[in-house]
Amino acid sequence: MYKLLLTIMAVVFISGTQQNKPALYLIGDSTVKNGKDKGDNEQWGWGHFIGEYFDTSRISIHNKALGGTSSRSFQTRGLWDSVLAKLQPGDYVLIQFGHNDGGPLDDTARARGSIKGVGDESKEIYNPILKKQEVVHTYGWYIAKLIREAKQKGAIPVVCSLVPRNVWKDGKVARGSQDYGLWARQTAEKEGALFIDLNALVADVYDREGEEKVASTYFGTKDHTHTIEAGARLNAAEVVEGIRSLKTLKLNDYLK
């Protein structure tokens, strides 16, 4: 009887601990989680490695990013709804989109693009992938929707600007400070969400190390967007650097 009582108490304690354990959800594209997250083609997203910086006995990490998605298609395909259904008060959501938002709105291959900017513009199209009419909004509109809905669940959203591609001009890596990086910042500020300028953090490292080293160290030969393990680890480290810089963000309490 005594052993049974101890077992019941242990189960109740563990259950209570699990319920009180916050979660960190990552949402984004292939630069956050590449493919099946197994390093296919030597390509990795930064979300695979970020858990190494956290005490996962106290916080759980869920990488829900999916390659090929945009701020729009992550929502229209129901991926955000599946995260939203699990969000609990005190959870965290790291948001990084932009690499795929510049695509066509209604092509037959992806139909994932969003309207450029942060305004209220919209356009009704026929989505050949979903096979239905759809009203497409701006990138900022979709990011704002993610922020608001996360907050409504009592979660803490943190917006990241997109990691830079291996694209260079005059010895400097191309930055997102005039487009998606800027729009991510503007939307976060407007919606009262925390912001990490991940694009600038990583680009600063790239500029210091130079085009030749960056290309040979952080990227493979497949394309200029997807990082190999070293690049994904660098991006993860810079995400954590961004988290540490946000002194009011209690997510810092769970870092090792």
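Predicted model: local features only at pLDDT ≥ 70, side-chain atom pairs only at ≥ 80, totals over all residues.
Q: How are α6 and α8 oriented relative to each other: parallel, antiparallel, perpendicular or oblique?
A: Helix α6 covers residues 198-209 and helix α8 covers residues 229-245. Their axes come within 9 Å and cross at roughly 125 degrees. Angles of 65 to 115 degrees count as roughly perpendicular and those over 145 as roughly antiparallel, so the pair falls in the remaining class and α6 is, relative to α8, oblique.

Q: Which residues of α8 meet α6?
A: On the α6 side the contact uses Leu198, Leu201, Val202, Val205 and Tyr206. By class, the residues of the contact of α6 with α8 are seven nonpolar, two polar and one charged. The partners contributed by α8 are Leu234, Asn235, Glu238, Val239 and Gly242.

Q: What is the distance between the end C-alpha atoms of α8, and what span should its 17 residues have?
A: The expectation rests on 1.5 Å a residue, applied to one less than the number of residues. For the 17 residues of α8 this gives 24 Å, and the distance between the end C-alpha atoms agrees, at 24 Å.

Q: Which elements are included in what covers the buried residues of α8?
A: The buried residues of α8 include Leu234, Asn235, Glu238, Val239 and Gly242, which are also the α8 residues that meet α6. Gly231, Ala232, Ala236, Val240 and Ile243 are buried as well. The cover includes β3 (92-96), β9 (194-196), α6 and α7 (211-218).

Q: Is aspartate 207 buried or exposed?
A: Aspartate 207 lies in helix α6. Leaving aside neighbours within four places in sequence, aspartate 207 is in contact with Trp168, Gly171, Lys172, Val173 and Arg175. Its relative accessible area is 19%; since the cut-off is under 20%, aspartate 207 counts as buried.

Q: Which residue just after α6 takes a positive phi?
A: Helix α6 has twelve residues and reaches 17 Å from its first C-alpha to its last, close to the 16 Å expected. Just after α6, a phi of about 90 degrees is taken by glycine 210.

Q: What is the handedness of the crossing in which α4 passes α5?
A: Helix α4 (residues 139-152) and helix α5 (residues 180-191) have axes 9 Å apart and pack at an angle of about 40 degrees. The two helices are therefore oblique to each other. The crossing of α4 past α5 is right-handed.

Q: How many charged residues are in the contact of α4 with α5?
A: From α4 the contact takes Tyr139, Gly140, Ile143, Ala144, Ile147, Arg148 and Lys151, and from α5 it takes Tyr180, Trp183, Ala184, Thr187, Ala188 and Glu191. Eight of the residues in the contact of α4 with α5 are nonpolar and two are polar, while the number charged is three.

Q: What is the separation of the C-alpha atoms of glycine 35 and glycine 67?
A: Glycine 35 sits in the loop between β1 (23-28) and β2 (60-63), and at 45% relative accessibility it is partly exposed. Glycine 67 is 32 residues apart from glycine 35 along the chain. Their C-alpha atoms are separated by 6.1 Å.

Q: What is the relative accessible area of alanine 111?
A: Most residues other than glycine have a negative phi. Alanine 111, in the loop between β3 and β4 (122-127), has a positive phi near 50 degrees. Glutamate 42 also has a positive phi, near 65 degrees, and counts as exposed at 59% relative accessibility. Alanine 111 is buried, with a relative accessible area of 4%.

Terms used. Residues numbered from 1 in each chain as written. Heavy atoms only, no water. Axes fitted to C-alpha atoms, helices over the stretch in contact; angles between N-to-C directions. Helix = DSSP H or I, 4+ residues; strand = E, 2+ residues; numbered from the N terminus. Parallel < 35°, antiparallel > 145°, perpendicular 65-115°, else oblique. Contact = heavy atoms within 4.5 Å. Nonpolar A, V, L, I, M, F, W, Y, C, P; charged D, E, K, R; others polar. Buried < 20%, exposed > 50% of the residue type's maximum accessible area, 1.4 Å probe, protein only. Left-handed = near helix turned anticlockwise from the far one by under 90°.
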